[in-house]
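Reader: I am new to this structure. Please show me how to read it.

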Amino acid sequence: MSGSIPPLDKKAVRHAFTRAAQHYDAAAVLQREIADRLLTRLDYMRIAPARVLDLGCGTGYATVALARRYRQAQVIGLDLALSMTQAAQQRRAKQFPFGLGRYLSREHLVNADAESLPFADRSVDLIFSSLVLQWCDPDTVFRECRRVLRPGGLFLFTTFGPDTLKELRTAWRSVDPGLHVHEFLDMHDLGDALVRARFADPVMDVERLTLTYAQVPDVLRDLKAIGAHNAASARRSTLTGKTQFARFVQAYETFRASDGRLPASYETVFGHAWLPLVEKQAQTGGQAVISLEHLRRGRGEQ
């Protein structure tokens with residue numbers, strides 16, 4: 001992939017989110033805001049799915065929202081970390097009294113890898129994925145999503161772009177050249193990956209959000225609480241010394257704004273694409289015929 005990120009340590013990703021599950025919801029203010037914005041975009045998509053996959057469901061915030069939105073659909077939440085799906089089960093149980101959640105809920109939870117989905121080909125109508133792709137190989141995930149989507153199905157996602165945590169990255173680079181901060185792919189590289197996976201009419205855009213903090217350790221504490229560690233295989237394996245850390249803090253302090261707060265920037269990439277709805281194959285030339293209705297739906301036209 002052009003502009004690819006360093007190879008990721010999948011065990012480190014799983015371990016980080018396993019440890020974070022217990023405290024994730026208390027710290028995941030930004031994650032919920034982004035999930036809500038992605039859910040709102042479904043208002044403009046003409047789709048009535050029978051089966052929905054929340055890919056990288058975490059503690060189940062969006063899984064519950066999807067089940068409320070699509071009341072006739074089966075909704076599946078999938079996450080790499082078992083403790084996250086367990087937390088999602090607890091969230092689901094709170095929806096119903098007397099432990100009836102396991103009988104009345106239409107949500108199903110699966111512990112699995114987004115790069116190897118445990119579902120049959122053409123078995124899902126809608127894949128919703130908020131802030132997961134940055135922990136995966138996008139080409140592999142896109143191929144898997146295309147495999148399990150039914151023709152006419154929708155893939156809707158968010159991830160972080162390269163300006164995310166730019167203050168943190170710049171501060172560390174002033175201390176040493178090591179890989180301290182997770183790398184993120186550019187929106188255009190993700191759009192190219194969707195085309196390679198043969199999705200139709202990918203639509204990509206960016207929203208920029210900033211969290212502010214009183215002190216530098218508060219930034220690091222929030223990142224740890226949500227499991228957002230640097231998971232590159234080539235990341236630094238030794239502890240940072242006190243002198244280096246003090247230099248890092250001093251470098252980050254240069255970003256302190258006039259209101260006295262420290263920024264942490266997030267470049268949020270939004271994307272969606274449809275799986276082509278092929279009605280028939282032309283008898284000559286091998287051309288696929290795609291319905292005008294599907295193309296209109298992909299552009300949000302009514």
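Author: Start with V216, which lies in helix 10, residues 216-225. Helices (H or I, at least four residues) and strands (E, at least two) are DSSP runs, numbered from the N terminus. This is a predicted model: local features need pLDDT of at least 70, side-chain atom pairs count only at pLDDT 80 or more, and totals for chains, interfaces and linings use all residues. Residues are numbered from 1 along each chain as its sequence is written, and side-chain values use heavy atoms, without hydrogens and water.

Reader: Is V216 buried or exposed?

Author: Buried means under 20% relative accessible area, exposed over 50%, partly exposed in between (1.4 Å probe, protein chains only). V216 has 1% relative accessibility, so V216 counts as buried.

Reader: Which residues does V216 touch?

Author: Contact means heavy atoms within 4.5 Å. Leaving out residues up to four places away in sequence, V216 touches F248, V249, Y252, E253 and L262.

Reader: How many salt bridges are there?

Author: Side chains of opposite charge can pair when their charged atoms come close. The rule is a side-chain nitrogen of Lys or Arg within 4 Å of a carboxyl oxygen of Asp or Glu. The count comes to 18 salt bridges. One of them joins D25 and R91, at 3.0 Å, N to O. D25 sits in helix 2 (residues 24-27) and R91 in helix 5 (residues 82-93), so the pair ties together parts 66 residues apart in sequence.

Reader: Which residues are linked in a network of salt bridges?

Author: The network links E33, R37, R41, D205 and E207.
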